[in-house]
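Visitor: Could you walk me through reading some features of a protein model? I would like the general idea, then the case at hand.

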Amino acid sequence: MKQALLLCFNLFIVVQGLAQSAAVNKYDLKKKRLLIQACSMYLYNANQGAIDVDSSVVLACQAYKIPVSLAYDEGFNSGSGLIGNDLIAKGNTISAQKFLAKTKNEDRIKLLLQLGNLYLFKPGTQPEDLQKALKYIKEAVALSKQLKMKKLEHQSVVLLAKYYAQANNPAESKKYFTAVISDCRKQNDKPELAAALDAQGMLLSNLDPEKEKNLEEALSIYTELGMEEKRIEIYMKITTIYFWTGKINEAKKRLYQNLADLRKIGFTHEQFGETTISYIELNMHNVKSALYYALKSVKRMEAEKDYTLADIFYTRLGNVYNTIGYNEEALELYNKSIEVGQNTLNSGTWYKSFFSAVAALSMKGKNKEALAYLNSVTLKYPPTNAFDKMSVAFNKANCYIALNNTVQAEKCFKEMEIYARQLNTPETFREVVHGYTLMALFYAESNRPKLAKLYTDKVLGLRTKFNNNYDSDLLQYLLFKNDSLSGNYDGAMRHFQNYKKINDSILGTSKKKEIEELKIAYETLNKEQKIKLLSEQTKLQESKLQKSKLLNTVSVWSLVLLLVIIGLLYNRYRLKQQNHSKLELKEREINLKNINLRHLLDEKEWLLKEVHHRVKNNLQTVISLLNSQSAYLDNDMALSAIKNSQHRIYSMSLIHQKLYKSDNISTINMHSYIIELVEYFKESFSTGQRIRFEVKVAPLELDVAQAIPLGLILNEAITNAIKYAFPEERTGMIYITLEESINGHYLLTVADNGIGIENKGTETKINSFGMRLIQGLSEDIDGDFTMEKDNGTILKINFLPEFPISKKFEGPEQRREG
């Protein structure tokens, strides 16, 4: 039965692969080119540079049954028909070369460019291919100059620059790119300028700052011209730079923006961005988001019937399951990925799934089985590059450690190091660092501190070299062990706390339920597919029964009666199953909507916090502007007014700062707010020990609509007390209390032991605007304001707290229960 299901699954994948071109046919030429770029970039990055860019492009075109020429002929192919293109697309280069002899002028240049592209961008280009490419490109350059066709001349020279880059002559390449870019600037030809900047930028290393500079200028031009598909493509390329240079937060932010941009133009192949977000979130220990986007990418792949690269998406989902401890489910997904990768388009990633499957077996404690599996697969499919060879040695070492075979483990680590030294790119940084981390930890556990420190320094050195802030629970645990061995117990404690923090964040208690819900949703989807396959099998069996009926003529009447009865029973069963399936489908839809709504709520809360952050920054800017303005004023009254305004603005700015830093974005903790506000006044008025404060504030939470007026009231009351209650440098106390009074009311009191408000001349000194402001703000919060003298001045505000928005919608019963 299991073999039958596996056969059906393979048939399902093949059928979907044949039908997949329908998902691409809905796109126009611009979107097809965007699809090639999105897919090829993802393939190149997923393989971490193990395949070249040209091979990635070819694989992407094969996956979607799109001519490879569309990836390179954008500058001279508008989609209206290109002479000789059908011959080149079919691989009939001999006929295309013969046809070239019959062409003239513009048609000849375009055919020359097509042949130049064909030989230049062949995967694994050979020297003879480069020579043919150079011959066609030089002729295209000469002919376009002769005919004074500027656009085709630019295309030809850019292709010549690409040739020199392929031929490892960067100086000549840069010379021709510079010539085209300068000419485009002179001619003010913005589309050609953007294309040339893009072409040069893509040939530079991700570590070269000129790459980002070129692409940013191209992005600006495409944005100005309204060429949305090209703008999105360049935006994706810049995001890749951030990804590989360690700016992970910026890369993640841009990936979210990229998904929004793709939706706006009706581009539905968003799974490449979603699975990349899942990878980033997993490495940042955000397991819930990682699982959400891994499941989303798989569902979108299935919705688009785009199974050609299914091995990558199944691996990503398996990695999340493996991290959170669902090793059985992860192993099933890895095996699924390997099966798909070997039976459809080989994107080069199934080998990573094989390594992940070995890791899953090891995590389950089946290390002997993992080693046997590793040896059998590598015997049948030997690793072909340094990265895969390093991974084989690393996985063997990991298994031997678990089996307490330290001799074999060290031998494998030494082998791993040989290949790790050959990998010196941002694309392989994470795996190399992880390998060295485990190797250093192996020596630390073996009580060999010198070797442990040697490989720990390699890890830290690589982080510095690639300017990457890589961190993991394993690295923090290694640093803890190193510090323990060297007697640095303070450092050891700090690193152990970091280790626990990262480790606990991977699967906190609060996340388990949500992860289970997402997992169940995916498993339900898989079961639905299996039910569909079983249903198709049932139909085949029914067909066989009908044929058997025709052959068994002797028992025709008995068989007819039997089939009628079976048919009625089956019909009843099918009706029951259909009703049950409809109910299950509805339930899944509701669950999925709840998950999406929860995710949207998280995003909205983040945006609201960002608003508070920006409001705080704007208020701080206003304070700075007022401070700058005061430098040009001589009028004491004006300076005092500006200083008072600064204090008022700061009291509001502090509230927005608290909201931004707090997990609760609807209420303010008045205790911490008032303490911080008082500290501000101490520093602003330089009271020193002359005026002291006594603050007694209950741990109360107030809605922001009441917190801001109360902050302004405190500002006015404290300012007046400091300025006027203690003349002639007297010493004194200012008392501030906020506590719950009777009937659910809150009472704010600001008192001092100064000269009091009724002393001669005091009333004229007190800022009448400030007192009116206190009265007005008290009315705004429906509070009762009183002021009296008792060994000083006492201001009291008695008010009823207002519930936050989230509590306003609760009924009375719920409020009492809370």
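Visitor: Is Tyr-477 buried, partly exposed or exposed, and why?

Guide: Keep in mind that this is a predicted model. Tyr-477 counts as partly exposed because its relative accessibility is 22%, and buried means under 20%. Phe-480, with a relative accessible area of 19%, is buried.

Visitor: Where do Tyr-477 and Phe-480 lie?

Guide: Both belong to helix H25 (residues 473-486), where they are 3 residues apart, about one turn of the helix.

Visitor: How is a pair of aromatic rings described?

Guide: By two quantities, the distance of the centres and the angle of the planes. The structure has 21 aromatic pairs. Tyr-321 is buried at a relative accessible area of 1%, and Tyr-326 is buried at 18%. For Tyr-477 and Phe-480, the centres are 5.5 Å apart and the planes stand at 45°, so that pair is tilted.

Visitor: Which residues do ring pairs link into a cluster?

Guide: Phe-413, Tyr-436, Phe-442, Tyr-443 and Tyr-455.

Visitor: Let's turn to strands. In what sense do E6 and E7 pair?

Guide: In a regular strand, side chains alternate between the two faces of the sheet. Here E6 (residues 784-789) and E7 (residues 793-799) pair in the antiparallel sense over 6 bridges. Lys-789 stands opposite Thr-793 in E7. The hairpin has 3 residues between the strands, and Asn-791 takes a positive phi near 55° in that hairpin.

How values were computed: Residues numbered from 1 in each chain as written. Predicted model: local features only at pLDDT ≥ 70, side-chain atom pairs only at ≥ 80, totals over all residues. Heavy atoms only, no water. Pairing = 2+ DSSP bridges. Helix = DSSP H or I, 4+ residues; strand = E, 2+ residues; numbered from the N terminus. Phe/Tyr/Trp six-rings, centres within 6.5 Å; stacked < 30°, edge-to-face > 60°. Buried < 20%, exposed > 50% of the residue type's maximum accessible area, 1.4 Å probe, protein only.
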